Amino acid sequence: MSQEKVFAVIPSSDKGLAISLEGARRNASLLPVVAGVFTQARHRKPPSKWTSRRFAKIGAAALVMVGIAMIPIPDGVDLPARGEASEKRIITAPFTGILAEVGVSDNDPVSAGQVIARLDVQETDLELLGVIAERSNAIIERESARASRNAALLRNSEIEVERLQTRIDLLEARKSSAELKSALGGVAILGDLKSRVGSTVRQGERLLEITYPSQLYLELSIVETQVGRVSPTDRGTFRPDYDPSLTFAAQLNFISPAIDTRQQTPTIPAQAQLLDSAQGLTPGRSGVL
């Protein structure tokens with residue numbers, strides 16, 4: 001705690017007023033004004049005008065200025081933050097196709113092996129039927145070549161049957177992979193996936209993630225102009241956007257030396273560790289630290 005002291009002498013008197021202020025950072029620049037209130041009358045009015053009523057008025061004005069001086073100066077920063085899980089699994093599209101169904105909502109709990117979403121397999125079914133028909137014809141040709149004892153034709157027919165069988169196996173595997181399942185129990189983070197039902201997703205495209213919410217941390221973005229005002233040892237309070245009444249104590253533990261230029265406003269990535277229980281907070285929730 002810091003301490004500021006103001007002392008002003010009443011003109012033509014051996015008495016005065018002393019004020020001591022204790023507290024957090026205050027607007028110290030106003031403290032000399034308090035003393036000036038008591039001394040300015042010396043230059044404007046003769047000592048004979050110092051009445052008790054005038055002294056009371058000046059004293060009241062001084063108390064108002066003292067109150068203003070005791071208002072703390074805001075010196076914190078607000079950092080955009082997002083809750084992230086230490087352990088998570090990314091689910092991608094197994095093949096290019098139509099997203100047919102999403103069976104859970106954002107931040108829903110899921111169990112290992114649970115079906116999260118499905119891709120449409122109608123085109124796959126049609127293709128599979130066509131390949132099965134081709135394989136049947138290839139088998140007939142193979143048997144015909146075997147009956148005629150045509151070695152070259154037999155060998156080509158066997159190769160064709162094997163090729164078509166491989167395509168059948170791949171298409172059946174595609175059908176099986178059309179059901180997107182959770183690899184572990186946790187929380188489903190969908191983002192905008194529900195709004196994309198009926199649209200095409202590309203093979204390997206990231207669709208959603210499954211997070212394990214027992215260990216959470218905060219991903220932060222620091223604007224370049226603010227980085228000088230924070231350090232990896234600073235503490236703060238995280239308030240999620242979905243419920244600002246919830247508060248979670250957190251401490252910065254990492255500030256990246258590199259600037260992320262992917263956003264319109266370049267930012268510096270950082271991380272903070274939650275110091276309290278994360279009960280009520282789920283991964284993927286945004287807020288302010």
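Apart from residues up to four places away in sequence, Thr267 has contacts (heavy atoms within 4.5 Å) with Ser221, Ile222, Val223, Ile259 and Asp260. The model is predicted: local features need pLDDT of at least 70 and side-chain atom pairs pLDDT 80 or more, while totals for chains, interfaces and linings use all residues. Residues are numbered from 1 along each chain as its sequence is written, and side-chain values use heavy atoms, without hydrogens and water.

Thr267 belongs to strand E13. Ser256 is in the loop between strand E12 (248-255) and strand E13 (267-274); strands (E, at least two residues) are DSSP runs numbered from the N terminus. With the same exclusion of residues up to four places away, Ser256 touches Ile268 and Pro269. Buried means under 20% relative accessible area, with a 1.4 Å probe and protein chains only.

| Residue | Relative accessible area | Class |
|---|---|---|
| Ser256 | 16% | buried |
| Thr267 | 11% | buried |

An open antiparallel sheet has four strands in the order E7-E6-E4-E9. Strand E7 (179-181) and strand E9 (200-201) each have a single partner strand, so one side of each has no neighbour in the sheet. Strands count as paired if DSSP finds at least two bridges between them. Strand E4 (residues 97-102) and strand E6 (residues 115-119) run antiparallel and are joined by three bridges. Within this pair, Glu101 is opposite Arg118 in E6.

Arg174 lies over the face of Phe95, 5.1 Å from the ring centre; the criterion is NZ of Lys or CZ of Arg within 6 Å of the centre and within 35 degrees of the ring normal.

Conventions:
Buried means under 20% relative accessible area, exposed over 50%, partly exposed in between (1.4 Å probe, protein chains only).
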